[in-house]
Amino acid sequence: GHAGSFSWLHAFGMLGAVGVSAFFVLSGFLMMFHYGGMKERLSVMDSFFFAVGRMKRIYGLHVLTTVTVFLVYVFLGGMPAAEYHLPGLPLNLLMLQAWVPDIPRATGLNGVSWYLSAVFFAYGCFPWLSCRIGRLGSRETVACLAGVIGLQIGGALLATVVADGNKELFLYLTYVFPVFRLGD
């Protein structure tokens, strides 16, 4: 589907978006299951290094695929393609592309790597969130989850107002934006 093949998949509409949310939820569940016992206070730097530790296993492959895709665009599209994609190259290499509210820039070079940008942010937030959630009782946890669901729904409604008919901006705010994805 990412390659534009299997056009019959498009008949399922938002199935891909549900799959991305399921990926985030499953990843968060597995991380809480494995690391959820952390109750000590962690600094921002501890959280950053936790995220770096999680991402370093795949970063080399990310760089390889990003540079390869860039070179393919340059080879097939010539100078116009290079000029179009060059501004997005540093963002992609630093995994910051999901922070740019410009869908062609956020997803245009190595399209699916926006996910890595969003998950890197989630990994950075995880130790801090895990420590706080680990201290909650059952009722407080349920209330926290209800609050997160409320924030997600409120965020989607706010995105509808902010986007004001701009489908690309709405897609960015509710699908790519790392802060929104943290709710998953």
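Close-up 1. Phe29 and Phe33 make a stacked pair, 6.3 Å centre to centre with 25 degrees between the planes. The model is predicted: local features need pLDDT of at least 70, side-chain atom pairs count only at pLDDT 80 or more, and totals for chains, interfaces and linings use all residues. Residues are numbered from 1 along each chain as its sequence is written, and side-chain values use heavy atoms, with hydrogens and water left out. Because Phe29 and Phe33 are four residues apart in helix α1 (residues 15-35), about one helical turn separates them; helices (H or I, at least four residues) and strands (E, at least two) are DSSP runs, numbered from the N terminus. Phe29 is exposed at 53% relative accessible area, and Phe33 is exposed at 70% (buried is under 20%, exposed over 50%, partly exposed in between; 1.4 Å probe, protein chains only).

**Close-up 2. Aromatic pair Trp114 and Tyr175.** The ring centres of Trp114 and Tyr175 lie 5.1 Å apart with planes at 45 degrees, so the pair is tilted. Trp114 belongs to helix α5 and Tyr175 to helix α7 (residues 167-176), so the pair ties together parts 61 residues apart in sequence. Trp114 is buried at 6%, and Tyr175 is buried at 16%. Phe23, Phe24, Trp114, Tyr115 and Tyr175 form one aromatic cluster.

**Close-up 3. Helix α5.** In α5, 15 of the 21 residues are buried, so the rest of the structure largely encloses this helix.

Definitions and conventions: Phe/Tyr/Trp six-rings, centres within 6.5 Å; stacked < 30°, edge-to-face > 60°.
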